[in-house]
Amino acid sequence: MKNILLTLSLFILIASCKTIKPEEVTAFANGKAVQNNNPIIKDKYTGDPAALVYKDKVYLYAGHDEAPNDFNFYKMNEWLVYSTSDMVNWQEHPVPLKVTDFAWAKSDAWAAQVIERKGKFYWYVTVSHGTINGKAIGVAVSDSPTGPFIDTFGKALITNDMTTQTKIDWDDIDPTVFIDDDGQAYIFWGNTVCHYAKLKENMTELDGPIQTISLPNFTEAPWIHKHNDWYYLSYAYQFPEKIAYAMSKSINGPWEFKGILNELAGNSNTNHQSIIEFKGIPYFIYHNGSIQPDGGSFRRSVCVDKLYYNPDGTMKRVIMTSEGIQK
Ligand code: FUB
């Protein structure tokens, strides 16, 4: 009896010491065994996803969370790029862009987005400016979605002194760029205040005044997309962040608030969404802090789940899952 108890205690001790890595876990969904495909990148911490659909692939651009587990703020020096043809298998490409590629910037590879125009790829990034106080937005250009990307403009597109609505110096972050059906490009960005402006045909200069949009509890992370004849402005709402959205029939508004799209992301105070449609299926891409034991607000992980529209164009609340997208 003594021996049985000893063996049992030893077994419990060994079992409780095993670290379960996400890729080893099989989930059950609707009674079926499935692989846990979320987060989609498990060997590095990634945040602020921005996806681009180009030809027959999706390119995922993300910031690299490099903070050690005893460091409670962002440590981000570079951006990463992955690609997929099926939303399940993701291929990593060599690091395409770093803060040091912007000679005028000093740190902080924060949220960014790549868009394509006439065969060129424009990567709009958030960084800390080296000589003008605060965050700034720059743009790097490439002939390929995987780089190399070059800061051909050689200076910031937007700096903190160009916006005066807030006293904070991190209100010029999180660019999202959208080209309307008539060819006019727009950039939206902001923290606590949502700004937007037209971009010139060259995509590297503003074309006209900076305007603001009033949105309930706007925190940051605006993302513009279009579905049928509706424009959608989704954004991080409150803090810790949920994702909310507004809809409009025009890129210039008025924007009608439609409520919460995604609830708090597990173990992360930010949520940062990207919305795309690929091969006819809408996807919601976001980050959480789910990789154990060290994942969290500064060691985040990109996840993908399906997005569904209602017949009136509104979006259904996202259901975040462990299984993510299955083949
Ligand atoms: O990754 C740094 C910052 O955290 C981003 O710029 C915000 O959107 C938030 O996700």
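Which strands each supply at least two residues of the lining of the largest pocket? I shall answer that in a moment, after one remark on the source: the model before you is predicted.

The strands in question are β3 (46–54), β8 (105–117), β12 (176–179), β16 (218–227) and β20 (274–278). The space in this largest pocket comes to about 540 Å³. Its lining is made up of 19 residues, and those nearest the centre are L52, V53, I115, F178 and I224. By class, the lining holds 14 nonpolar residues, two polar ones and three charged ones.

I turn now to the second largest pocket, whose volume is about 420 Å³. It is lined by 17 residues, with K306, Y308, T321, E323 and G324 closest to its centre. Here β2 (32–35) and β22 (301–306) each contribute at least two residues to the lining. That lining divides into seven nonpolar, four polar and six charged residues.

Finally, let us consider the ligand. Around it stand D48, Y74, M76, W110, A111, D174, E220, T270, H272, H287 and R300. In this shell, four residues are nonpolar, three are polar and four are charged. D48 places a polar side-chain atom 2.4 Å from an oxygen atom of the ligand. For H272, the distance from a polar side-chain atom to a ligand oxygen is 2.8 Å, and for R300 the corresponding value is likewise 2.8 Å. The ligand would expose 280 Å² if taken alone, and the protein buries 99% of that area.

Notes: Residues are numbered from 1 along each chain as its sequence is written. This is a predicted model: local features need pLDDT of at least 70, side-chain atom pairs count only at pLDDT 80 or more; totals for chains, interfaces and linings use all residues. Side-chain values use heavy atoms; hydrogens and water are left out. A residue is near a molecule or strand if one of its heavy atoms lies within 4 Å of it. A polar contact is a pair of N or O atoms within 3.5 Å; within protein, one must be able to donate a hydrogen and the other to accept it, and residues adjacent in sequence count only if both atoms are side-chain atoms. Accessible areas come from the Shrake-Rupley method with a 1.4 Å probe; for residues, only the protein chains shown count as cover. Ala, Val, Leu, Ile, Met, Phe, Trp, Tyr, Cys and Pro count as nonpolar, Asp, Glu, Lys and Arg as charged, and the others, Gly among them, as polar. On a 1 Å grid over the protein atoms alone, a cavity is a set of points where a 1.4 Å probe fits but cannot get out, and a pocket is an open set with protein on both sides within 12 Å along at least five of seven lines; lining residues have an atom within 4 Å of a point. Grid points are joined across faces, edges and corners, and a volume is the space filled by probe spheres set on the points. Helices (H or I, at least four residues) and strands (E, at least two) are DSSP runs, numbered from the N terminus.
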